[in-house]
Structure formats: structure tokens, C-alpha cells
Amino acid sequence: MFSKPIFKQSVQANWRLWVIITIVASTILSGFIISYDATGYASIAAAAEGTAFSNILSSMTSLLGSLENFYKLIAVILGIVYVVFTANNLVVNEVDSGSMAYTLSTPITRLSVIFTKSLYLILSVILMYILISLAGLGVSQLQYNNVTGYPITDDVKAATESLNQDERYISERLYLIQEDEDAMWEAAAARDMDTDAYAIYIQDVIDERSYEEAAEIITDEREDIYEDDDDMEDEDIEITTEELIENPEMILASNDALAAGARVHGFSVNEYLQFITDEIAALEAEEKEEAEGNHESAVIVTEDNAELLLQTVVDSSANVLNVNSDQVKDNMTLIKEPTALSASTEVTGLTEEQIIMMANHAMVSSARSVDEALDFDTEAYFWLSFGLLLLILAMSSISFFASTLFNRTGLALAIGGGLPFAFFLITMIQQLMDSTDSLEYFTITSLFDTDTILASGEFGWRLVALGGIALVLYTASNAIFIKKDLPL
Amino acid sequence: MPVIKLKHVTKDYGHGRGIFDISFKVEEGEVFGFLGPNGAGKTTTIRHLMGFTKAQDGELYINGKNCWQQAANIKRDVGYLPGELAFPKSMTGNHFIKFMAEERQITNMTRTEKLKKLFELDTSEEIKEMSLGTKRKLAIVTAFMHNPKILILDEPTSGLDPVMQERFIQFVLNEKAEGKTILLSSHIFSEVDATCDRIAIIKEGVVVSTIDSSQLKQNSNKAFKIEFASPEDYQKFMENTKFIIPIERPEQNQVKLNLTDEKMKQLFTELTKVKVNFISEIKFTLEDYFMDFYDRKKTVADAEENLQYGLH
């Protein structure tokens, strides 16, 4: 079925366009990743929180979410250009010009001609999109160190300089920053925080990471335990970081989880054991306190009024410091100025401690959302890349089918190029205008639903459908070519 | 067993185009000419033989194998020279030869080198830079590089200069001497005349005549044109002759007549009695025969008759 000389000739005739498209797509993807503005995305997300947009934005506020235009438009049109021209070149061009006659005057069967040519197109598309995805992965790793390790944020960079250490080394041992006063100072400044707020932030990050590492190990252990148990769903087996934070006792049962959690803190296992025990006690105390509801202050900060209170504090601080509110928002440490504090207590009736806590909380949470925006979801990235590949393969099958069905280059190009391009245009219109849901039934691009993939929704059957289109059309192309009359 | 066999092959493209009920056989070692005007269906017939197109009706066999079902299998023994020169894009001659050698799984290139030398082919050039003649030579070399037993040649010399045309005819005659079976489609009479054992004439998709070329060369029917010295001589000859005179031209004192070799003596006896300016034989060639078919007003019967009487 496979003919080596035909495969070789297909490569020789089409490698140039392949190289160009691969390089262009990889470069654009790298550009998107490098120019990604984590702080910007984080502040958009913060602004939209609680509004109707927050759902839509939830998938946008990550590095991968910012690549939507690449996955929906740029990578698709580049792929279309490659598959349309290559599919045309491979079959209908040779039939129309007559050069296919030379190949068919040798003992190579039509089936091996068309099979080899389909295989070339499929493999070249697969290789192209693997390379593009790897380029994206590599650039993200180089730029943010967020693929295999923890992201290297500005504070880590600043602390690294002060500690005279390797960035990566420090990013895995944040406790080293905590232990060094100068490093703390530098790191806090790099993130626009004072050391008080930064201390809370870094403790938060370390705590969460230690739970994350522990949760992973506990999940692995549970997978081994329940491997043969059909009643247990994957979801039931998995212990998420959140679950562990609420219920840290689970760590105590596993030595490996303890060791992993301790490593993040720079603790020995015994120290960590003590730490977890304290945490559990603190959690219980908190619950008790909440139940009793005894508060000293006159005004209580709740979820409902927090935002309004913060806004009032910001406004009154701005007022008394003679700057505008946005400047205060950008630099929350201003709220802690004594004049600002006294103005704010007067207006809100909160105590100074409460206001300082509020300012710290605001700074920490905005810093955390920047961190989150830098998170690289490897699994989502895999599915995005895979979905894109399937979409382009489906597009290529349309072009290839047209290229084998028709004998004239013009007609094959009109159908085999026109259809994918029409799909692309519909997608573009969808991206430009928001209320065009009805259009999704007119294009196969809606089977590659980036939003659902980013939101970890149900996207499986759509990808299966794309694969199905490719399989059916490639098979049909092969069947047609071995039976058709060739005008050679 | 005939090497090439067509049985009632029909392919109707509509509007009177296509081929209709074509049957012929080519025996081993025979050179079979396929003659016809442009658009008569020569290339269409060859397309069927090559398995590019499926016949609506009828069957084609090469070496006893069905040309559609076993198309690839047959090609081991077939060298095909297409009429239209469409090469793959952006290749040099060398590259193309290498490509064809790989497709044919040939490793021994001595025959290819010999052919290149014979036809003085320079293969280092990009194909698209090549002249028509050079492209034709390249097609010839790649068609015969695997030393096929059966050659299917569609207008093989078009684009070649006269020297190369002659060299190609010599090459075909050599191949014939080696016992190859050859199907030669052409509208160039000299090359068909020079090489073919039998000739089929195709017109508007139908084989109108199949003749042995020996029939043309050793035709015992001869035609003569005679001019007499004076009107009196002309009159005298006309009164006494026992021949049927199909064409009389009293103004020029000329007659045209035809006769078989056996009656030659009688003609000269009659001519001794009159004064003759000249006597010349009207040669009957393949071209004359073909032209009768080419001229669409003439019927097949007219042409057959001309072959029989040798008068044109």
C-alpha cells in the first residue's frame, strides 16, 4: 500500500510550504505567549468578578485563555492555507496537468498512489501541529518557567538577585525568601507590596503549594488502592488541593504526602507534622468562633460589604493624600499611611487593624490572581493542541476529497479551498460579533470549542466528530480515486 | 496469444466524441500502427489500454491480463510514451529519471545511460527550462529505461527534429528486431510507413480499416498517367484501347488508367502504335489511402475502392 518513492516525491514537492507555515505559526504562537500581560488579565478578571462577564472571563484569565485568537483564527487559517495548497498539489494538479500518467505507467497501483499521498498530508499536518505545540510549550517554559516548575514571578527574580541564587532554585524553595530580611524587602517591592502584605502572600503561596503537592501524592496513593474498584469514579478518588485545605487530617495518614508538603516549607517531617496539627486546631478554633459570633468591632466585614468598604477606604485615602483613587488602587500600601488610616476609620467606622487587614488582603488577592493568570494548565494545553490538530485534519480531508473527486484544478480549489475558508470566515464573524449563536451550525470549527476545553467541560464528542469527518473523507477519497476515470 | 487485444471497446463521451466498438489484436513481435486525425480517438484508446479510464463496454487485455483490473501488474512489461508532455513540477531531468527508476525499482542504469547517449539528452536542466524536443527525449528515455517487452507510443516523434525523428525510427526498428511488440499511434505517415506491419485507421472513434502495410507496398494494381503527342494520337489510342479509361482529358491529350502487373505488356503493345510524350506511374501511398478517410466527405467505401484500384 505504501510507496516510498511517491512519499519521497510528495515531501520534495511540498516541504517548502510546510516549513514556512510551521515557522510562521510557531513564531506567532511564541509572540502571543511572550507578550502575554498577566497583570493586565488579572485586573480584568478582578474587575469582572461578580458580574455577568465573570463566567465568560473565567476561561480568558489565564495564559491559555489569552491564546483564543490564535487557536480559533490564526492557527486555523494558516492550517487551511497549507492543507488546501498541498492537497491540490498532491492529486488534482498531477491529474489535471497529466503528470500522474508517468507514475501510473509504472507498476505502482492507484491504491498505493492515493494511500501514500493521503498519508503524506495527514502525517505532515500532525508533525506540523506537534512542532507548533512544542514551540509554544518551550517558549512558555523559557519565559515563565510555568510548564515544568513553578512560575518565576517578579518577586522571585528580585529575591534571587538579593540571595545570589539560581531563579529556579529559589522558585522551588520560597521559604528561603522568608528567612532573609533583605530578600523579603526586595521581593515585596517587586510586587508593589509592603513586607507585611508580602509576608502574608508568600505564606499563602507556600501553604497552598504544600497542600497541592500533598494532594497529588494522596491522589496517586488512592488511585493505587482503588485501581480495581469499579464503583469509584475518578472524581471520587481524586483529592483536590481545596479538599485538602478544608480537611488537612488526610495528610497525616501518608508519610509520602507529609514529606512532600514538608519539602515546600523547608521543614523536617516532624516540624511539618506539628504545623499541620496546628492548622487543624486553628481551623477548629475558627469554626467555633464563627459559631459563637463574638466580634469586638462595631462594623463587621462580610463578603457582602467587603467590596463597598474597600472602595470607601480607597476613596477616603485618596482624598486625604491628595491623589486619585486609581493611584491608590495601584499601590494599596498608601492606605496604611497614618493620615489615610485615620480618615478611613472615621468614614467607615472600622478599626485601624481591620483596615490594614483589608488592605493586606486586597494586595495578596490581586497578587494571587496574577499568579493564577500565569498558571499553565498542561492538560488544557494538550486538549487545545489536539483539538486544533483534529480540526485541521478535518479541513485537510475536505480539501483532499475535493482534490481526488474533481479532475480540474480550478473546481477542486473552489470547493476544497472555498469550504474550509467559508468555515473560517464564519468563525471570524462569530469572534467579531457576540450574538451569532445560530452560525455555529454552519461551520465545523464549532466542533473545536476552545471555551469548553478551557473550562474543562464536555468537549469529547465534538473532537470525536472532527476525527470522524477526517476518517470518512479520507477513506472516501481513497475509494473514489481507485475507481475514477483519469483524463491522462 | 495476441499481446494486445481489444474486444468491442466503447466509451461514449457524448456529442459524438469517444470511441465506438473498437476491436483489434497485436501479435507478439508485431508493430501495429494506429493512424488517425486529431480527435479521432487514438489517445482515448491508449488511455484505456493504460488503465487510466474504464471502458463502458468491451474488454482490453495486455498479455492476457485485463487492462483495468490489473493495470499496475501489466505495467512491468509496458513502456508508455505519452502524447502530452506533462512532467511533475520543479524537477530536473536527472531528478525525474531517478524518480521513475525508483518507482520502477530499477537499480541498473546502464540502459538509461545508453538511451541518453543515443538521443543526445542532457538531463541536468530543470524540466521547465527544457525545449519541447528535449522534453520528448526525456519522456522517451524514461519510457524505455526498464527495457519493456511492449511499447505503447502515442505520437512519439512530435517535437523532435528530423535527425532525431530518423534516429527514433531506427530505434523502434531495432526494438522490433529484438522481438518487442509495439503499438504506435501517429499521424505522421513516413514513420508509420517505415515501421508498421499492420495499420488501423481510426476516424471519429471508429476503426474504419485495418490493412497490412505489405498490401500497400506490393500492390499489383498500378495507375499510370499518359500524355499523347497530338490529339490524333489521343483519338487513335482511345478508339483502339481495350482498357477502361476512368479519366479522360482530351484538352491536354492525357488519360489516367489503372491496371494490374499482368496487363502491363498489353499496355505497352498498344502504346507502340501511337506517339507518347510521357508516361508516369501514379504512386499510391499510405498518405493517399489515409487522406481518403481524412476527407470527411468521402465514405469508407470510396477509400476501400481506391486501395483496390490504386487510383487516387
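Reader: Is Asn63(B) buried or exposed, judging by the other C-beta atoms within 10 Å?

Author: A residue counts as buried if 20 or more other C-beta atoms, placed from the backbone, lie within 10 Å of its own, as exposed if 12 or fewer do, and as partly exposed in between. Asn63(B) is buried, because 20 other C-beta atoms lie within 10 Å. This is a predicted model, in which local features need pLDDT of at least 70 and side-chain atom pairs count only at pLDDT 80 or more, while totals for chains, interfaces and linings use all residues. Residues are numbered from 1 along each chain as its sequence is written, and chains are lettered from A and ligands numbered from 1 in the order in which they are written.

Reader: Which residues other than glycine have a positive phi here?

Author: Most residues other than glycine have a negative phi. Among those with a positive value are Asn63(B), near 55°, and His8(B), at about 50°. Asn63(B) is placed in the loop between β4 (57-62) and β5 (65-66) of chain B, strands being DSSP runs of E with at least two residues, numbered from the N terminus. His8(B), by contrast, is found in strand β1 (residues 4-14) of chain B, and is exposed, with 12 other C-beta atoms within 10 Å.

Reader: What is the order of the strands in the open sheet of four strands?

Author: Two strands pair if DSSP finds at least two bridges between them. In chain B the order is β12-β13-β11-β14, with antiparallel pairing. Strands β12 (247-249) and β14 (276-282) of chain B stand at the edges with a single partner strand each, so one side of each lacks a neighbour in the sheet.
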